[in-house]
Amino acid sequence: MFEVKKIEDTDLVKNPVIAQMSQYDHEQLLFCNDNATGLKAIIAVHNTILGPALGGTRMWTYANEMEALNDVLRLSRGMSYKNSISGLNLGGGKAVIIGDSRTMKSEALFRRFGKFVNSLAGKYITAEDVGISPSDMMWVNMETDHVVGLPGKSGDPSPVTARGTYMGMKACAKVQFGSDSLSGKKVAVQGVGHVGEYLVEFLAKEGADIYISDIHEPTLKRVSEKYGAKVVGLDEIYDIDMDIYAPCALGATINDDTLSRLNCSIIAGAANNQLKMEGVHGQAVMDKGIIYAPDYALNAGGVINCYAEVKGLTSNWANEKANDIYTTIHNIVLRSQSENVPTYQIANKMAEERISSIGKVKLPL
Ligand code: NAD
């Protein structure tokens with residue numbers, strides 16, 4: 001689903017913008033330009049059948065406009081699938097600001113961006129993403145109320161993301177091992193940052209045998225000492241004998257190289273875009289008898305936390321909803337096995353089915 005065809009500059013004439021939008025049925029694009037502040041941004045609304053399109057704003061030094069367009073189309077569509085499979089009444093959207101987040105930020109730029117978000121009158125709700133900080137979002141919020149994840153509101157989504165990841169991991173264990181207990185299971189967590197550390201906490205409470213890796217030595221040492229987790233090397237993590245591999249740092253770690261090395265029965269982690277090439281590696285994982293928990297269904301705790309903020313729901317509600325990721329993943333895995341189709345394809349189908357069926361009772365905004 002995420003492999004939207006890469007479009008080169010030279011293909012511009014062959015690939016006009018609306019043609020690209022229609023490729024995956026995007027509803028609306030808003031191109032934003034403001035010479036006074038240097039703002040150049042694109043807001044993509046993929047689908048609003050389930051509700052307003054929610055997705056973060058990314059600030060990135062794209063090589064060219066086509067790359068930015070490609071990214072915002074791909075990411076906004078991904079948000080439609082994530083929000084749908086999580087049972088949320090939210091559509092999918094995303095925004096990209098083209099520029100260097102270290103040198104180009106200013107109050108004026110973000111307030112101008114906020115005005116553009118506001119012009120969509122709630123059809124798109126924004127949040128933080130790569131390159132954006134809470135203080136940037138505070139500036140956006142000066143011009144629009146359609147912002148979530150602000151300081152003092154729903155707070156850090158990472159504990160909820162870790163909870164959902166942990167519950168989905170247990171659902172995979174139920175199918176693979178016949179019991180959802182992770183006690184004594186050898187679990188390798190790659191990256192013990194915000195989500196990874198909370199995941200380690202859940203696993204430690206359940207008595208799992210935990211292995212961790214991280215590029216940041218002080219974090220690695222602290223988490224290892226606090227939870228009794230064993231440290232493994234950055235590359236060694238792909239070779240150890242383990243029951244569960246939990247990528248919580250980088251994308252694309254399931255690839256030709258690692259697949260020939262990974263010695264595990266389950267892959268369940270919070271990182272985004274774990275399969276380097278969905279079509280190839282999603283199938284290859286299945287062929288190896290590994291259960292892969294589709295990343296966007298497993299790590300939906302973050303967006304669940306945002307949804308709670310949008311709807312004025314409590315953190316208890318968000319935690320309960322994250323617990324439901326157990327059932328979602330269990331259903332995906334069982335259906336994958338009965339239809340003999342990779343889990344990522346089943347997740348996509350389930351997300352599309354919900355949008356399609358709710359579409360019969362609701363019209364787009
Ligand atoms: P983070 O930056 O807090 O943590 C990532 C950790 O990975 C850091 O400690 C970093 O040092 C480590 N790391 C980087 N490269 C590494 C490598 N090669 N090997 C091992 N460790 C490495 O990020 P986070 O918020 O914990 O998010 C982790 C992943 O989960 C990301 O892919 C993110 O997109 C995804 N995700 C996060 C949330 C959330 O709520 N925070 C929600 C959905 C998805």
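On this tour, a residue is near a molecule if one of its heavy atoms lies within 4 Å of it. The model is predicted, so to speak a calculated one: local features need pLDDT of at least 70, side-chain atom pairs count only at pLDDT 80 or more, and totals for chains, interfaces and linings use all residues. Select the ligand and the 20 residues around it; Thr161, His194, Val195, Asp214 and Asn272 come nearest. Sorted by class, this shell holds nine nonpolar, ten polar and one charged residues (Ala, Val, Leu, Ile, Met, Phe, Trp, Tyr, Cys and Pro count as nonpolar, Asp, Glu, Lys and Arg as charged, and the others, Gly among them, as polar).

**Stop two: polar contacts** (pairs of N or O atoms within 3.5 Å). Zoom in on Thr161, where a polar side-chain atom is 2.7 Å from a ligand oxygen. Next, pick Ala270: one of its backbone N or O atoms lies 3.3 Å from an oxygen atom of the ligand. At Gly193, a polar backbone atom is 3.5 Å from a ligand oxygen. How much of the ligand's 830 Å² does the protein bury? It buries 72% of what the ligand exposes when taken alone (areas by the Shrake-Rupley method with a 1.4 Å probe).

The ligand takes up the space of the largest pocket. A pocket here is an open set of points on a 1 Å grid over the protein atoms alone, where a 1.4 Å probe fits, with protein on both sides within 12 Å along at least five of seven lines; lining residues have an atom within 4 Å of a point. Its volume is about 1,500 Å³, the space filled by probe spheres set on the points. Of the 46 lining residues, pick out Lys82, Glu128, Asp129, Val130 and Asn272, the closest to the pocket's centre. Finish on α2, which gives the largest share of the lining, seven residues (helices are DSSP runs of H or I, at least four residues, numbered from the N terminus).

Note on methods:
Residues numbered from 1 in each chain as written. Heavy atoms only, no water. Polar contact = N/O pair within 3.5 Å; in protein donor to acceptor, adjacent residues only side chain to side chain. Sits in = over half its atoms within 2 Å of the grid points. Helix = DSSP H or I, 4+ residues; strand = E, 2+ residues; numbered from the N terminus.
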